[in-house]
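My plan is to go from the overall fold to single residues.

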Amino acid sequence: MRENERVTSATRQPETPAADIPPRLIATDLDGTLLRDDKSVSPRTVAALAAAEEAGIEVFFVTGRPARWMDVVSDHVHGHGLAICGNGAAVVDLHGGPGAHRFVKVRELARQNALDAVRLLREAAPGTVYAVEQTYGFYQEPDYPKLHMEIPDNLAPAEELLAEDGPGAAEPVLKILAYHPSIDPDAFLTLSRLAIGERANVTRSSPSALLEISGPGVSKASTLALCCAERGISHEQVVAFGDMPNDIEMLTWAGQSYAMGNAHPDAIAAASGRTVANNEDGVAVVIERMLERM
């Protein structure tokens, strides 16, 4: 998830790594990457994605968004129709359309790990407030801000929401969201990782101090690697696109990777190449050049 705000304004022309191995899969983040700031998919990008699929290259949307927010790209799924949601916490079949998606794989955050993370982060960063993402439900604390433009299914302290007999006890927890009103976002990320340790994976995709906390080892990269292994695709055959810290592992893992012109500095450092900004169709620019070379 990412709020509609730019991180940097750099818009250099694409820097293209040598492509010695033909790509078999494109893995692209959505917000700040494939989507323009108005959350649209440009006609140029739609055409590039279709051309890639026509050339035999699978396209995976790999996002921090929950499955219920995938309607923005549901008209653009081809072939397998799968997307990786929740920063790797779920693989979702989008063929059914909005509201009719099917969870193919779930990598949940154990409730005890989530409770430990909440406790440790409350101690390390007083004033932190929480929300809980589950497969279908969304729950939050009363003081959690209205960041997501949706009505939560329940309001209660995180400890109650995450209890074994809590309001969403029948559903797996995909991730918890931790928001702080005043700490610098990168400082909050560093602090939380030190406080929580190996109990959970912590990242962020918002320009605000909003953290996304998943199960240990759960990331876009690790779930993408599982999906690729099922298809006999090596990491050298993957081209990845991203713009924020939650994309870093994926950008590092893929054989070719591109940070957007508007990307966070850490994403730029992790990628093997760089393209223009999301509002300039940076993903499409790379795909078009890639297909010309095939």
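**Entry 1: overall.** I take helices (H or I, at least four residues) and strands (E, at least two) as DSSP runs, numbered from the N terminus. With that, I count nine helices and 14 strands in the protein. I note that this is a predicted model. I then checked burial over the 294 residues, and 56% count as buried. I also looked at contacts between residues at least 6 apart in sequence. Of these contacts, 61% join residues at least 24 apart.

**Entry 2: salt bridges.** I searched the whole structure and found 17 salt bridges. I wrote up some of them.

I began with D31, which forms a salt bridge with K39. The closest N and O atoms are 2.8 Å apart. Is D31 buried or exposed? D31 has 4% relative accessibility, so I list D31 as buried. The cut-off I used for buried is under 20%. K39 comes out at 26%, so K39 is partly exposed.

Next I took E58 and R231. Their salt bridge has its closest N and O atoms 3.3 Å apart. Which parts of the chain does the pair tie together? E58 sits in strand 2 (residues 58-62) and R231 in helix 6 (residues 220-231), so the bridge ties together parts that are 173 residues apart in sequence. R231 stands at 23%, so R231 is partly exposed.

Then I went to R122 and E159. This salt bridge puts the closest N and O atoms 2.9 Å apart. R122 belongs to helix 3 (residues 111-124) and E159 to helix 4 (residues 158-161). The two residues are 37 apart, and I logged the pair as a link between distant parts of the chain. R122 has 28% relative accessibility, which means R122 is partly exposed. E159 has a relative accessible area of 36%, so E159 is partly exposed too.

I also looked for bridges that share partners. One network came up, joining E58, K105, E230 and R231.

**Entry 3: a helix pair.** Two packed helices are described by the angle between their axes and the distance between the axes. I looked up both for helix 3 and helix 5 (residues 185-196). Their axes come within 9 Å and cross at roughly 125°. With that angle, helix 3 is oblique to helix 5. I noted the handedness of the crossing as right-handed.

Which residues make the contact? From helix 3 I listed A117, L120, L121 and A124. From helix 5 I listed F188, L191, S192, A195 and I196. I sorted the contact by class. I got eight nonpolar residues, one polar and no charged ones.

Entry 4: I picked L224, which lies in helix 6. L224 has 0% relative accessibility, so L224 counts as buried. What does L224 touch beyond its neighbours within four places in sequence? I found L25, A27, I84, V238, M250 and W253 in contact with L224. I also computed a C-alpha separation to V91. L224 and V91 are 133 residues apart along the chain, and their C-alpha atoms are separated by 9.1 Å.

**Entry 5: recap.** R231 of helix 6 bridges to E58 of strand 2. L224 lies in helix 6 and is buried. R122 of helix 3 pairs with E159 of helix 4, and helix 3 crosses helix 5 at roughly 125°.

Technical notes: Residues are numbered from 1 along each chain as its sequence is written. This is a predicted model: local features need pLDDT of at least 70, side-chain atom pairs count only at pLDDT 80 or more; totals for chains, interfaces and linings use all residues. Side-chain values use heavy atoms; hydrogens and water are left out. A salt bridge is a side-chain nitrogen of Lys or Arg within 4 Å of a carboxyl oxygen of Asp or Glu. Buried means under 20% relative accessible area, exposed over 50%, partly exposed in between (1.4 Å probe, protein chains only). Axes are lines fitted to C-alpha atoms, for helices over the stretch in contact, and angles run from 0 to 180 degrees between N-to-C directions. Angles under 35 degrees count as roughly parallel, over 145 as roughly antiparallel, 65 to 115 as roughly perpendicular and the rest as oblique. A crossing is left-handed if the near helix is turned anticlockwise from the far one by less than a right angle, and right-handed if clockwise. Contact means heavy atoms within 4.5 Å. Ala, Val, Leu, Ile, Met, Phe, Trp, Tyr, Cys and Pro count as nonpolar, Asp, Glu, Lys and Arg as charged, and the others, Gly among them, as polar.
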